[in-house]
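Hello,

Here is the structure for your files. Please open it first, then read my notes below.

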Amino acid sequence: MPTIIQSALHPAGPQAAQLATLWWVMFWTCTVVYVVVLGFLIMALRRGRSRDLERPAARQLTRWVAAAAGVTLVILVGLLTVSVTTGRAIASLSAPDALTIQVTGNQWWWSVEYSHPEPSLRFTTANELHLPVGRPVRILLKSSDVIHSFWVPNLHGKIDLIPGRQNQVWLQVDRPGVYRGQCAEYCGLQHAHMAFSVVAEPSDDFERWATAQRQPAPEPSNALEQKGREVVESGPCAMCHTVRGTLAGGRFGPELTHFASRSTIAAGTAPNTPGYLAGWIADPQRMKPGARMPATGLSADELQAVLAYLSTLK
Ligand code: CUA
């Protein structure tokens, strides 16, 4: 698995770069203010309390206080200006060829739909976004239940997903890599396990990935995988999950058509390996208490067959 990066101070695109600059401006301004204030405090403590504040000294003191208040005002207005300017600058990109992605927040996972003018080229995945490097992306954000917040520190600030409202954010990635994102608004018991990853890759790799995602699920190649598909179609899995090209068409949980191409399970809770996956399917509440996925009650044979089948969904 590639190294996953999560840091607002290592921007990988223009929006995050502006935010990082804003952060450093505020950091250094506040550092200077802090050091100067401490300096004056130390000076005052050294001098001790002067017994006789004569009239001229008192007048001088008033002047100092007025000057300090003036400087404070200038600094605050300056920070406000920089902040508003940055907010305006990152609010939009002008881009006719932008890629549009609809992200929906759910307790506690992310549905990701890649839109396209041609309906047959649209597809849905979950908990993992792939973005082409250097191309503007418009991400639409909504929620199916409570308020969540979409945050990929390397790429942009936080944007809320609000039930009944469509928010949007523009971003662009300039550096290939895998960036970690997470829900940044407390949304219930498993808020901390509502993560996702953003895979930024060159345009060719992105197109290859998108083409693969548009395909229906591959056919099982042996008896075990065949049995796994039957269990998925006829068992509890199909109530909530979709595997395109099969009878499983549930809409309640993450789309699983190309599940094996994703690097994590349960919205970034664990790596997508057979061991973790077996534990997750057998008893989701142990790994992620409160998650909407119930224990499936599959027999050991059925579980093995489902694992074999899921591993083919590349
Ligand atoms: Cu969704 Cu916190």
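Strands here are DSSP runs of E with at least two residues, and helices are runs of H or I with at least four residues, both numbered from the N terminus. The model is predicted, so local features need pLDDT of at least 70 and side-chain atom pairs count only at pLDDT 80 or more, while totals for chains, interfaces and linings use all residues. Residue numbers start from 1 along each chain as its sequence is written, and side-chain values use heavy atoms, with hydrogens and water left out.

Ser111 first. Ser111 sits in strand β3. Its relative accessible area is 10%, so Ser111 is buried (under 20%; exposed is over 50%, partly exposed in between; 1.4 Å probe, protein chains only). Leaving aside residues up to four places away in sequence, Ser111 is in contact with Gln102, Val103, Thr104, Asn106, Thr124 and Thr125. Contact here means heavy atoms within 4.5 Å.

Next, the backbone. The peptide bond between Gln107 and Trp108 is cis, with omega about 0°. Trp108 belongs to the loop between β2 (99-106) and β3 (109-114).

Then two alanines. Ala266 is not a glycine, yet its phi is positive, about 55°. Ala267 is not a glycine either, and its phi is positive at about 55°. Ala266 lies in the loop between β12 (264-265) and β13 (270-271). Ala267 is also in the loop between β12 and β13. Are they buried or exposed? Ala266 counts as buried because its relative accessibility is 14%. Ala267 has 1% relative accessibility, so it counts as buried.

Best wishes
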